[in-house]
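Please examine the sequence and the three-dimensional structure shown here before reading on.

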Amino acid sequence: TAPEMAGGVHMKALLKAIGSAFSSVSVLNASFKSTTHGLGPTEQFSGVDLLKVRKAYITLVFELKSAELIAILGRATLSICDELLKKRVPTDDPENLCVFLVLFENPL
């Protein structure tokens, strides 16, 4: 039926967006950047909105309850860890270190 097909199209778009966003250091950093401090990360402030990060993971993993979505999120996490391992991301920039806080919140 048409509504089922539309739901399938939306789910495919969601899966693609999650896979792309959660496998990109720059997208994760930008997506979960806190707006309460304007200057970015400091010694006292991480620059990451951890409440937003936790809500995103709770929604994606526990509320949507999609095995396919969890698999995509898992693969995206492995991909970003591989990128970090191969040092394709400079870790001397505090802005790039924010991604580690996002990854540590991942319940998978």
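The structure is a predicted model. Its protein chain contains 5 helices and 0 strands, and from the N terminus on the elements run α-α-α-α-α. Of the 108 residues of the chain, 32% count as buried.

**Overall organisation**

- Contacts between residues at least 6 apart in sequence were considered for the protein chain, and 63% of them join residues at least 24 apart.
- The structure holds 0 disulfides.
- A disulfide is a covalent bond between the sulfur atoms of two cysteines.
- Cysteine 81 is partly exposed, with a relative accessible area of 37%, whereas cysteine 98 is buried, at 6%.

**Helix H4**

- Helix H4 covers residues 67-85, which amounts to 19 residues.
- From its first C-alpha to its last, H4 reaches 27 Å, close to the 27 Å expected at 1.5 Å a residue.
- The buried residues of H4 are Leu69, Ile72, Leu73, Ala76, Thr77, Ile80 and Leu84.
- An α-helix has 3.6 residues a turn, so residues three or four places apart point the same way.
- On the other side of H4, the exposed residues are Ala67, Arg75, Leu78 and Leu85.
- Serine 79 also belongs to helix H4, and serine 79 is partly exposed, with a relative accessible area of 37%.
- Serine 79 and glycine 19 are 60 residues apart along the chain, and their C-alpha atoms are separated by 9.6 Å.
- Lysine 87 follows H4 and has a positive phi, near 60°.

- Helix H3 has 14 residues.
- H3 reaches 18 Å from its first C-alpha to its last, close to the 20 Å expected at 1.5 Å a residue.
- Val53, Ala56, Tyr57, Leu60 and Val61 are the buried residues of H3.
- Seen down the axis of H3, these buried residues fall within an arc of 100°, so they line one face of the helix.
- Although lysine 65 is not a glycine, its phi is positive, at about 50°.
- Lysine 65 counts as exposed because its relative accessibility is 68%, and the cut-off for exposed is over 50%.

**The nonpolar core**

- In soluble globular proteins, nonpolar side chains tend to be buried together.
- The largest nonpolar core of this model has 23 residues.
- The residues with the most contacts inside this core are Ile18, Phe22, Leu28, Phe32, Leu73, Val99 and Val102.
- Helix H1 (2-21), helix H2 (25-31), helix H3 (50-63), H4 and helix H5 (94-104) each supply at least two residues of the core.
- H4 gives the most to this core, with 6 residues.
- Valine 102 touches Leu28, Phe32, Val48, Val53 and Tyr57, when residues up to four places away in sequence are not counted.

**Aromatic rings**

- A pair of aromatic rings is described by the distance of the centres and the angle of the planes.
- The structure holds 2 aromatic pairs.
- In one of these pairs, the rings of phenylalanine 22 and tyrosine 57 have their centres 5.7 Å apart and their planes at 55°, so the pair is tilted.
- This pair links distant parts of the chain: phenylalanine 22 is in the loop between H1 and H2, and tyrosine 57 is in helix H3, 35 residues apart.
- Phenylalanine 22 is buried, with a relative accessible area of 7%.
- Tyrosine 57 is likewise buried, with a relative accessible area of 2%.
- One aromatic cluster is formed by Phe22, Phe32 and Tyr57.

Technical notes:
Residues numbered from 1 in each chain as written. Predicted model: local features only at pLDDT ≥ 70, side-chain atom pairs only at ≥ 80, totals over all residues. Heavy atoms only, no water. Helix = DSSP H or I, 4+ residues; strand = E, 2+ residues; numbered from the N terminus. Expected span 1.5 Å × (residues − 1). Buried < 20%, exposed > 50% of the residue type's maximum accessible area, 1.4 Å probe, protein only. Core = buried A, V, L, I, M, F, W, Y, C linked by side-chain atoms within 4.5 Å. Contact = heavy atoms within 4.5 Å. Disulfide = S-S within 2.5 Å. Phe/Tyr/Trp six-rings, centres within 6.5 Å; stacked < 30°, edge-to-face > 60°. Arc of directions from axis to C-beta.
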